[in-house]
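Colleague: I am new to this structure and would be grateful for a guided reading of it. Could we begin with the model itself?

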Amino acid sequence: FKQKTAYEIGVRLVGSEMCIRDRSELLSENRLVDAASYIDQAYPFRPIEKSTRKSTPKQMTQVFKRDGFIDRYKGTRLVYPPALRLISMALPAQFPYHKNGKMTVGHFAYWELFPSIDHVVPVARGGKDEEANWVCCSMLTNQIKANWTLEELEWELKPPGDLTKWDGLLNWFIAQMRDESVRLVAPKYCRDWLSAAQACSF
């Protein structure tokens, strides 16, 4: 997909630099009321509200499966979250995990391949917090998109993936967790996701 800077987005949307330039001239003339009125109309301040909603593993699994474990903005394949954790358990030095995604400590795959749920129309911009407005995308893409709309970024939704060709290692994860020696040492995180995976099994 095409990445744009925040500045480029602002210019495309409202010609922000022109708006500010013109209003700075009014300010130079001490015409504060006129400058304020113009900005309110042409480039209004709209505070962004932070969403604190957190989806459950079952809800996320349902969306990941619906979208075929594909980043719907990039079209790239993603890996079921607890499957990544099992790989880190087996290969801690080569595939380290960090609970906060710290790149100097954890593997970059946790940003590039870790699926998340994003609101196509951001809740902060009036979008609804419902499944019809949810899509699967990587943590990295989610961070880039933030509270911008697809139109502002000049992105488009990619078609869902085909689960018969790629299941995000979901079935591999379930098979691994059937092994008692794995299940006993797996963190609670993996056991919670196992319940979700079984509830949404093929």
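Colleague: At what relative accessibility does Ala 146 count as partly exposed?

Modeller: The model is a predicted one, in which local features need pLDDT of at least 70 and side-chain atom pairs count only at pLDDT 80 or more, while totals for chains, interfaces and linings use all residues. Residues are numbered from 1 along each chain as its sequence is written, and side-chain values use heavy atoms, with hydrogens and water left out. Buried means under 20% relative accessible area, exposed over 50%, and partly exposed in between, with a 1.4 Å probe and protein chains only. Ala 146 therefore counts as partly exposed, its relative accessibility being 39%.

Colleague: Between which two helices does the loop with Ala 146 lie?

Modeller: Ala 146 has a phi near 50°, which is a positive value in a residue other than glycine. Its place is in the loop between α7 (139-145) and α8 (150-153).

Colleague: How many helices and strands does the chain have?

Modeller: Helices (H or I, at least four residues) and strands (E, at least two) are DSSP runs, numbered from the N terminus. Starting at the N terminus, the elements follow the order α-α-α-α-α-α-β-β-α-α-α-α-α. The totals are 11 helices and two strands.

Colleague: What share of the contacts with a separation of 6 or more comes from residues 24 or more positions apart?

Modeller: Contact means heavy atoms within 4.5 Å. The chain has 202 residues, of which 39% count as buried. Among its contacts with a separation of 6 or more, the share from residues 24 or more positions apart is 67%.

Colleague: At roughly what angle do the axes of α4 and α11 cross?

Modeller: Two packed helices are described by the angle between their axes and the distance between the axes. The axes are lines fitted to C-alpha atoms, for helices over the stretch in contact, and angles run from 0 to 180 degrees between N-to-C directions. Helix α4 (residues 57-66) and helix α11 (residues 188-199) have axes that come within 8 Å, and the crossing angle is roughly 50°.

Colleague: Which residues of α11 meet α4?

Modeller: On the α4 side, the residues are Pro 57, Lys 58, Met 60, Thr 61 and Phe 64. By class, this contact has seven nonpolar, one polar and one charged residues; Ala, Val, Leu, Ile, Met, Phe, Trp, Tyr, Cys and Pro count as nonpolar, Asp, Glu, Lys and Arg as charged, and the others, Gly among them, as polar. On the α11 side, the residues are Trp 193, Ala 196, Ala 197 and Ala 199.

Colleague: How many of the 10 residues of α5 are buried?

Modeller: Those buried are Pro 81, Pro 82, Ala 83, Leu 84, Arg 85, Leu 86 and Ser 88. They pack against several elements, including α4, β1 (115-119) and α11. Helix α5 (residues 81-90) is mostly covered, and its number of buried residues is seven.

Colleague: Which residues of α11 does α5 meet?

Modeller: The axes of α5 and α11 are 9 Å apart, at an angle of about 145°, and the crossing is left-handed. From α5, the residues in the contact are Pro 81, Pro 82, Arg 85 and Leu 86, and from α11 they are Tyr 189, Cys 190 and Trp 193.

Colleague: How many disulfides does the count give?

Modeller: A disulfide is taken as a pair of cysteine sulfur atoms within 2.5 Å. The cysteine sulfur closest to that of Cys 136 belongs to Cys 137 and is 6.8 Å away, which is too far for a bond. The count of disulfides is zero.

How values were computed: Left-handed = near helix turned anticlockwise from the far one by under 90°.
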